[in-house]
Amino acid sequence: MSSIVSTARIGVVMGSRSDWETMQHAVDVLVKLDVPHEVEVVSAHRTPDRLFEYAATAVDRGLHAIIAGAGGAAHLPGMLAAKTRLPVLGVPVQSKALNGMDSLLSIVQMPAGIPVATLAIGRAGAVNAGLLAAAMLAVHDPRLAEALDAFRREQSESVLAHPDPRA
Ligand code: RP5
């Protein structure tokens with residue numbers, strides 16, 4: 001990471017490489033919608049200085065929002081939010097020990113004054129974080145707004161085309 005302005009508009013970070021299996025679904029959405037983004041492992045506990053630098057430079061580097069996934073004692077989204085005014089979308093990764101309840105509660109229970117928009121545990125949360133980040137950018141981006149509308153149309157059509165769950 002550098003402090004040079006990049007073309008990325010959404011930062012996707014995760015606490016460990018082991019979170020990629022979940023967080024790749026957020027990135028898949030950004031790729032599908034052609035949203036400029038960057039991806040990096042940033043750990044609140046193992047690389048705290050990196051976390052601070054990432055958050056402190058995020059605005060100047062041109063990011064508009066950060067998607068942060070973490071599991072267990074999931075402090076990454078909250079600590080990022082504490083260090084940047086950018087919207088932070090938190091994805092609770094499904095932990096082995098407590099099935100992601102630890103991740104969810106760690107991320108969702110922020111004290112008043114430092115918000116983290118918390119998504120569902122696991123893949124659904126990661127997908128929706130990608131969609132939510134895109135929706136935020138789409139407010140000022142007609143091309144992206146149309147891409148999101150098309151995504152929703154295709155989703156509806158695919159459900160309507162196969163209404164019988166046994167088939
Ligand atoms: C968290 O600890 C990470 O976000 C990850 O979900 C969890 C376990 O990390 P590893 O031990 O698999 O690297 O910081």
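Angles between axes count as roughly parallel under 35 degrees, roughly antiparallel over 145, roughly perpendicular from 65 to 115, and oblique for the rest. Helix 5 and helix 6 are therefore oblique to each other. The model is predicted: local features need pLDDT of at least 70, side-chain atom pairs count only at pLDDT 80 or more, and totals for chains, interfaces and linings use all residues. Residue numbers start from 1 along each chain as its sequence is written.

**Helix 5 and helix 6**

- Helices (H or I, at least four residues) and strands (E, at least two) are DSSP runs, numbered from the N terminus.
- The axes of helix 5 and helix 6 come within 8 Å and cross at roughly 140°. Axes are lines fitted to C-alpha atoms, for helices over the stretch in contact, and angles run from 0 to 180 degrees between N-to-C directions.
- The crossing of helix 5 past helix 6 is left-handed, that is, the near helix is turned anticlockwise from the far one by less than a right angle.
- From helix 5, Ala-134, Ala-135, Leu-137 and Ala-138 meet Leu-144, Ala-145 and Leu-148 of helix 6. Contact here requires C-beta atoms, placed from the backbone, within 7 Å.
- That contact of helix 5 with helix 6 has seven nonpolar, no polar and no charged residues. Ala, Val, Leu, Ile, Met, Phe, Trp, Tyr, Cys and Pro count as nonpolar, Asp, Glu, Lys and Arg as charged, and the others, Gly among them, as polar.

**The loop at Val-139**

- Val-139 lies in the loop between helix 5 (123-138) and helix 6 (142-161).
- Val-139 counts as exposed because it has 8 C-beta neighbours inside 10 Å. The cut-offs are 20 or more other C-beta atoms within 10 Å for buried, 12 or fewer for exposed, and in between for partly exposed, with C-beta atoms placed from the backbone.
- The C-alpha atoms of Val-139 and Ser-16 are separated by 31 Å, with the two residues 123 apart along the chain.

**Ligand shell**

- Ser-16 is also one of the residues around the ligand, with Gly-15, Ser-18, Asp-19, Ser-43, His-45, Ala-70, Gly-71, Gly-72 and Val-93. Each has its C-beta atom, placed from the backbone, within 6 Å of the molecule.
- By class, this shell holds two nonpolar, seven polar and one charged.

**Positive phi**

- Most residues other than glycine have a negative phi.
- Asp-34, not a glycine, has a positive phi of about 60°. Its loop runs between helix 1 (20-32) and strand 2 (37-41). Asp-34 is exposed, with 11 C-beta neighbours inside 10 Å.
- Asn-99, not a glycine, has a positive phi of about 60°. Asn-99 sits in the loop between strand 4 (88-93) and helix 4 (101-108). With 12 C-beta neighbours inside 10 Å, Asn-99 is exposed.

Conventions: Two residues are in contact if their C-beta atoms, placed from the backbone, lie within 7 Å.
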